[in-house]
Amino acid sequence: MLKILICKFCSMSEIINRNYRQEPISFWSEFECKHFGCRHHALEDFFKSQWQRSEKSYGFLIYRWFLAIVFSSIFLVHIIKYFGNGYWFIYFTHWGFTLCAVTTLTGALYVSTYHAAPARMTSQTALVRSYWISSITNLVISYAINILYWLTVFPYEKTGTRPLKVNTFFNIWSHVLPSLVNTIDHMVVAHPTRVFHFIYPVMFGMLYLLFAIIYYCVGGRDPLGRRFIYKVLDFSAKPLQGAVTVSMIICILMSLTILQYFTYRMRVGIARKAKRLQ
């Protein structure tokens, strides 16, 4: 009898320990200052799918390379076709798409390395943290680009001197599909999301804003000769509008990060019921 009780206790301990690694911290614990950083007790979660059963998954590896090849290929074709004497680089959409290509390619390389040498990758703390930052930034920025483009850019371009060709593949891919693909990816991966990580998408957005201000100050113009990149960032005619736009973007990025946090909690909840937590 005693032996049976010990075996049951050991089995329960194994289940608790197994679930503890991917079990999220409490919601209120998310608001501790230490979670501005990128510390996670199980770095192997960044090289795994939430739904795999074994330590390595070739299905997840193939999936990672599929995303990397698709994003990287379209990125190269897009930049070659629409380079426009360097104007391609001034748009926030293209900054975001570049981040998509970099993040997916980096993820594929890291998962491949993990398959070859797990211990080597799980010891690369700096690389994992940089990937975590890139991943959450990519996820949130893709949503922000989708929302901001159709609300603040599309109405002006549709009625302006440069009509928007909404039926083109590259336009739809640049402004719609990244957010959809990244949402699916967010439900596939195993690493956590932190509420305070909104700071990284905000920093990315502020970096672009700094670029836009410098571009304006040095007399930069868009392909149509206008002294702004986006009409809502026209610092010469409507500086107050620019300030309101920046504040709105910060609020949107914070809200989108919180949304992705709850998406992560939903993913973990589903995985818990499906007994896929590790």
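The buried residues of helix 8 are Tyr200, Pro201, Val202, Phe204, Gly205, Tyr208, Leu209, Ala212 and Tyr215. Buried here is under 20% relative accessible area, exposed is over 50%, and partly exposed is in between, using a 1.4 Å probe and protein chains only. Helices are DSSP runs of H or I with at least four residues, strands are E runs of at least two, and both are numbered from the N terminus.

This is a predicted model, so local features need pLDDT of at least 70 and side-chain atom pairs count only at pLDDT 80 or more, while totals for chains, interfaces and linings use all residues. Residues are numbered from 1 along each chain as its sequence is written, and side-chain values use heavy atoms, with hydrogens and water left out.

Back to helix 8. It covers residues 199–217, 19 residues in total, and spans 26 Å from first to last C-alpha, close to the 27 Å expected at 1.5 Å a residue. That expected span is 1.5 Å times one less than the number of residues. After the helix comes Gly219, with a positive phi near 85°. As background, an α-helix has 3.6 residues a turn, so residues three or four places apart point the same way.

There's a nonpolar surface patch here too: Leu207, Leu210, Ile214 and Val218, with about 390 Å² of accessible area together. Patch members have over 30% relative accessible area and no salt bridge; nonpolar side chains (Val, Leu, Ile, Met, Phe, Trp, Tyr) are joined within 5 Å, and like charges within 9 Å. Ile214 sits in helix 8 and is partly exposed at 46% relative accessible area.

Zooming out, the chain has 9 helices and 0 strands. Of its 278 residues, 46% are buried. Among contacts (heavy atoms within 4.5 Å) between residues at least 6 apart in sequence, 80% join residues at least 24 apart. As for a specific pair, Lys275 and Arg53 are 222 residues apart along the chain, and their C-alpha atoms are separated by 9.5 Å. Lys275 is in the segment after helix 9 (239–273) and counts as exposed at 71% relative accessibility.

Now the charges. The whole structure has 8 salt bridges, each a side-chain nitrogen of Lys or Arg within 4 Å of a carboxyl oxygen of Asp or Glu. The table gives some of them.

| Pair | Closest N and O atoms |
|---|---|
| Glu44 and Arg21 | 3.8 Å |
| Asp45 and Arg21 | 2.4 Å |
| Lys34 and Glu32 | 3.5 Å |

Salt bridges with shared partners join Arg21, Glu44 and Asp45 into one network. Arg21 is buried at 14% relative accessibility, as is Asp45 at 1%, while Glu44 is partly exposed at 21%. Lys34, by contrast, is exposed at 59%, and Glu32 is partly exposed at 36%.

Finally, confidence: pLDDT is the predictor's confidence in each residue, from 0 to 100. The chain averages 86, and 87% of the residues score at least 70. Over residues 1–18, though, pLDDT is below 50, and this stretch has 2 contacts beyond near neighbours in sequence. Residues 163–167 also stay under 50, with 11 contacts beyond four places in sequence.

Terms used: Accessible areas come from the Shrake-Rupley method with a 1.4 Å probe; for residues, only the protein chains shown count as cover.
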